Amino acid sequence: MAKNIIIVGGGLAGLSAAIKVVEKGYSVDLFSVVPVKRSHSVCAQGGINAAKNLKGEGDSPAIHFDDTIYGGDFLANQGPVKRMCEAAPAIIDLLDRMGVQFNRTAEGLLDFRRFGGTLYHRTAFAGATTGQQLLYALDEQVRRFEAEGKVRKFEHWEFLSAVLDDAGVCRGICAMDLQSMEVRTFAAEAVIIATGGNGAIFGRSTNSIACTGSAQSALYQQGAIYANGEFIQVHPTAIPGEDKLRLMSESARGEGGRVWVPRDGKPWYFLEEWYPKYGNLVPRDVATRAIHKVVFEMGLGVEGQQAVYLDLTHIDAHELDVKLGGILEIYEKFVGDDPRKVPMRVFPAMHYTMGGLWVDDEHQATNIPGLFAAGECEYQYHGANRLGANSLVSCIFGGFVAGPSAVEYAKTAAKAEVPEQVFTAEKARQEAINQQFYSNEGSENPFVIWKELGNTMTANCTVTRYNNRLQETDAKLQELGERYRRVNLSDKTRWANQAFFFTRQLGNMLVLARVICLGALARNESRGAHYKPDFPERDDANFLKTTMAKHTASGPKLEYAAVDTSYIKPRPRKY
Amino acid sequence: MAEKTVQIRIKRQASPQEGPRWEEFEIPYRPGMNVIVALRDIAERPVTVEGKSTSIVSYDANCLEEICGACAMIINGRPRQACTALIDKLEQPITLEPLSKFPIVRDLQVNRQRLFEDLKKVKAWIPIDGTYDLGPGPRESPEVQQEAYPLSNCISCGNCLEVCPQYNDHTTFVGAAVISQVRLFNLHPTGRMNEGERLEALAAPGGIQDCSYAQNCVKICPKGIPLTESIAAMGRAVIKHTVKKALGK
Ligand SMILES: Cc1cc2nc3c(=O)[nH]c(=O)nc-3n(C[C@H](O)[C@H](O)[C@H](O)COP(=O)(O)OP(=O)(O)OC[C@H]3O[C@@H](n4cnc5c(N)ncnc54)[C@H](O)[C@@H]3O)c2cc1C
Ligand code: SF4
Ligand code: FES
């Protein structure tokens with residue numbers, strides 16, 4: 001039998017998994033909608049966390065672990081988070097060996113900076129383009145394996161569904177070529193999903209275009225459990241834009257940037273005043289709510305607009321170039337002002353999903369046998385709120401666990417011969433869905449439905465949540481779902497038809513949006529990024545639980561699972 | 001007063017088999033628009049200035065902040081990234097064309113696979129022993145880091161190849177981006193151990209001797225990568241390496 005593993009997604013998580021699989025002697029078929037080097041991970045700016053303690057501060061993986069659990073408001077299962085924090089220093093060393101151009105100290109050692117939710121210098125960085133640099137390092141290793149024939153890339157292919165046999169075991173995937181539009185099935189001994197975030201559900205976010213959550217949603221509809229979907233991180237500082245909300249990394253504050261608004265003719269540093277211990281580096285949920293309060297409740301937005309200042313002008317310009325060059329350039333290119341000279345105008349933006357495909361504690365295994373998940377598409381490491389610079393490390397760590405787990409599964413799982421019919425049936429099912437879009441005669445434009453989806457999700461399912469509005473949102477989502485059935489493809493050609501691909505993704509976004517919305521509706525408490533003014537306290541008695549959403553014909557069915565808190569006892573979260 | 005609008009002319013091609021055609025659009029102006037926003041407007045209402053319904057325009061894009069390299073196209077005659085092309089700074093009518101040096105897929109979408117293949121030719125990676133824990137990497141001075149880091153910013157957009165007179169479908173020239181990557185890997189303490197292999201790849205046909213020093217690449221690179229410096233440095237390194245080898249050293 002062919003010893004191959006399919007990996008869907010070539011961001012940090014997918015590439016890390018690929019490297020480990022090849023090292024274990026298996027070959028990889030790697031699928032991605034964009035050439036893997038163009039994956040969303042390149043957007044990560046600020047850095048990657050690891051308690052290397054190179055600044056003599058007494059930092060340790062144990063403190064990193066505590067900061068992460070506390071920052072996540074105790075919703076994460078603690079075992080995997082502990083292992084991730086312990087593995088982080090060696091991951092940085094490995095990336096360093098792979099040639100990542102991390103910033104250096106005078107002695108030639110790795111430099112570290114501060115990030116939100118910690119008091120330590122724990123974040124390694126390569127200018128302000130850390131994600132790009134890390135992704136390239138992994139991409140280069142995978143290209144090396146590709147040249148050796150151990151990895152086959154299927155770039156510009158979109159995952160449509162898993163191929164499940166009669167026993168519900170994953171036997172491969174069904175995917176579509178984004179040029180020829182051919183639908184094909186591929187067999188594998190195990191499948192790893194590493195398809196990233198779902199920002200597109202919110203219309204505009206800090207995410208890349210390919211972050212649709214479409215693959216996760218398709219799997220959820222095939223029976224995969226989706227966990228903690230309601231936990232959506234809104235980043236406090238981004239530049240508003242019509243196509244994208246461009247991030248101004250937390251590293252700006254890590255390097256000394258200050259947030260303020262004018263009050264009585266003077267700068268008012270409200271974060272520093274309200275949170276004297278952490279100041280501008282409170283976790284993102286806290287900073288975002290503070291900005292919303294200042295702008296919406298106190299009416300103090302800059303020039304009456306939805307904006308606050310993020311100010312770097314007091315920092316030496318050369319130092320800024322060395323440490324933050326990448327993001328300063330973004331601001332200059334899109335806004336036209338020089339942030340070395342004038343304070344930047346920023347506002348919160350949807351940024352990250354803590355929720356995702358449910359995976360087990362040890363193996364990154366989903367509830368579908370043979371199907372694994374790693375990276376932002378799974379739920380495991382960040383609880384109710386992710387700390388800055390913890391995602392990159394969780395993606396790589398998750399990939400490093402998923403790869404060997406998938407190989408182990410492939411070696412040990414019972415190998416029944418899979419009847420060809422399992423593959424042909426899935427292919428036929430997907431082709432029928434495609435055909436339906438081509439024969440639809442409705443009048444709805446998918447891009448218009450998407451805009452409405454984004455507007456309603458951003459208004460009601462982000463920073464502040466009210467039950468009546470969540471109910472209205474769910475009704476709206478169902479209405480959009482109805483209208484979606486009447487979508488008319490403006491373009492009925494069968495070659496590289498982007499309207500078609502988008503329409504397919506949109507259907508999956510609409511389904512996943514309900515999981516986010518109804519998860520939020522059911523959780524009557526405030527925890528991490530999930531904030532309900534009508535239920536302002538954390539309620540451990542009722543909600544120290546993982547939300548587990550299962551797909552049914554009438555919508556998501558929510559169940560709850562206990563959270564493992566065996567290492568750190570939950571305590572109130574007060575920054 | 002009539003509302004301000006944006007006029008755009010787009011060179012379209014339904015598939016590699018079909019011929020190109022031009023279509024014109026007029027869309028409402030808003031402050032802060034870039035070419036991507038304009039293309040999205042067209043997607044929401046795919047109708048030409050003549051009032052004819054048409055298909056949405058195909059193009060590649062992902063990050064929307066000039067870091068993924070996907071959205072390269074020719075805008076008003078100049079190859080660049082569409083996401084950083086602000087409408088306010090472009091003369092109208094704005095013309096959009098696909099890059100011409102790569103096989104067309106559809107409309108503004110082209111196939112840049114060759115760029116990634118060429119990275120294999122020069123072994124653009126650090127050959128690590130394995131991912132097991134071997135402790136920290138080699139030390140590196142901040143000065144070397146500051147020399148190498150800009151080189152590692154290449155987003156594989158292909159703009160430097162588009163403007164290169166030597167890069168086309170009847171030569172095998174790897175182009176400035178790939179030559180500059182050799183410099184990057186040869187600067188790294190571990191990468192340097194295999195510098196010979198990379199230099200030999202650059203000495204082979206399609207390598208550095210195909211460069212005609214037109215110097216267009218460095219002017220067009222959106223990431224400001226010092227490409228001519230890299231080409232000069234690698235030119236010298238290749239000669240040195242070849243001489244050394246000839247002398248059997
Ligand atoms: C602007 C920004 C800055 C950030 N900065 C930081 C930071 O400084 N530090 C930090 O720790 N985190 C940061 N993050 C978060 C972090 O970047 C992401 O969480 C992380 O990169 C996700 O990696 P991934 O491998 O899970 O997915 P991605 O990098 O998103 O990769 C997903 C892959 O899946 C593929 N794919 C998706 N759907 C399909 C499909 N249907 N079929 C086939 N392929 C598919 C894509 O092509 C891609 O290859 C930042 C995020 C943003 C938005
Ligand atoms: S060197 Fe510059 S222009 Fe050439 S591919 Fe790289 S980023 Fe693009
Ligand atoms: S979309 Fe990534 S460079 Fe423009």
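Which of the 38 residues around ligand 1 come nearest? They are A:Ser32, A:Ser39, A:Ser41, A:Glu376 and A:Ser391, where a residue is near a molecule or strand if one of its heavy atoms lies within 4 Å of it. The structure is a predicted model, in which local features need pLDDT of at least 70 and side-chain atom pairs count only at pLDDT 80 or more, while totals for chains, interfaces and linings use all residues. Residues are numbered from 1 along each chain as its sequence is written, chains are lettered from A and ligands numbered from 1 in the order in which they are written, and side-chain values use heavy atoms, with hydrogens and water left out.

Backbone atoms of chain A also approach ligand 1. A polar backbone atom of A:Gly46 is 2.8 Å from an oxygen atom of the ligand, and a backbone N or O atom of A:Asn390 lies 3.5 Å from an oxygen atom of ligand 1.

The interface of the two chains comes next. The size of an interface is often given as the accessible area lost when the parts come together. Chain A and chain B bury about 6,000 Å² between them, with 49% given by carbon and sulfur atoms; buried area is the accessible area (1.4 Å probe) that two parts lose on being put together, summed over both. In chain A, the residues that lose the most area to chain B are A:Arg38, A:Arg97 and A:Gln101, together 15% of what that side buries. The contact (heavy atoms within 4.5 Å) takes 69 residues from chain A and 74 residues from chain B.

Across this interface there are 7 salt bridges, each a side-chain nitrogen of Lys or Arg within 4 Å of a carboxyl oxygen of Asp or Glu. A salt bridge joins the side chains of A:Lys333 and B:Glu66, at 2.4 Å from N to O. Helix 4 (130-147) of chain A is one of the elements that give two or more residues to the side touching chain B, and its 9 residues are the largest share of that side. Helices (H or I, at least four residues) and strands (E, at least two) are DSSP runs, numbered from the N terminus. By class, the side of chain A that touches chain B has 26 nonpolar, 21 polar and 22 charged residues.

Within chain A, an automatic or database assignment gives domain 1 (247-347) and domain 2 (420-544). Their centres, taken over C-alpha atoms, are separated by 33 Å, and their contact takes 4 residues from each of the two domains. The two domains bury about 340 Å² between them, 71% of it on carbon and sulfur atoms. A:Asp285, A:Arg289 and A:His292 supply 89% of the area that domain 1 buries against domain 2. The count between these domains is 0 salt bridges.

Two local features of chain B complete the account. A cis peptide bond, with omega about -5°, joins B:Gln92 and B:Pro93, and B:Pro93 lies in the loop between strand 4 (78-81) and strand 5 (94-97). B:Leu64, a residue other than glycine, has a positive phi near 60°.

Conventions
Nonpolar A, V, L, I, M, F, W, Y, C, P; charged D, E, K, R; others polar. Polar contact = N/O pair within 3.5 Å; in protein donor to acceptor, adjacent residues only side chain to side chain.
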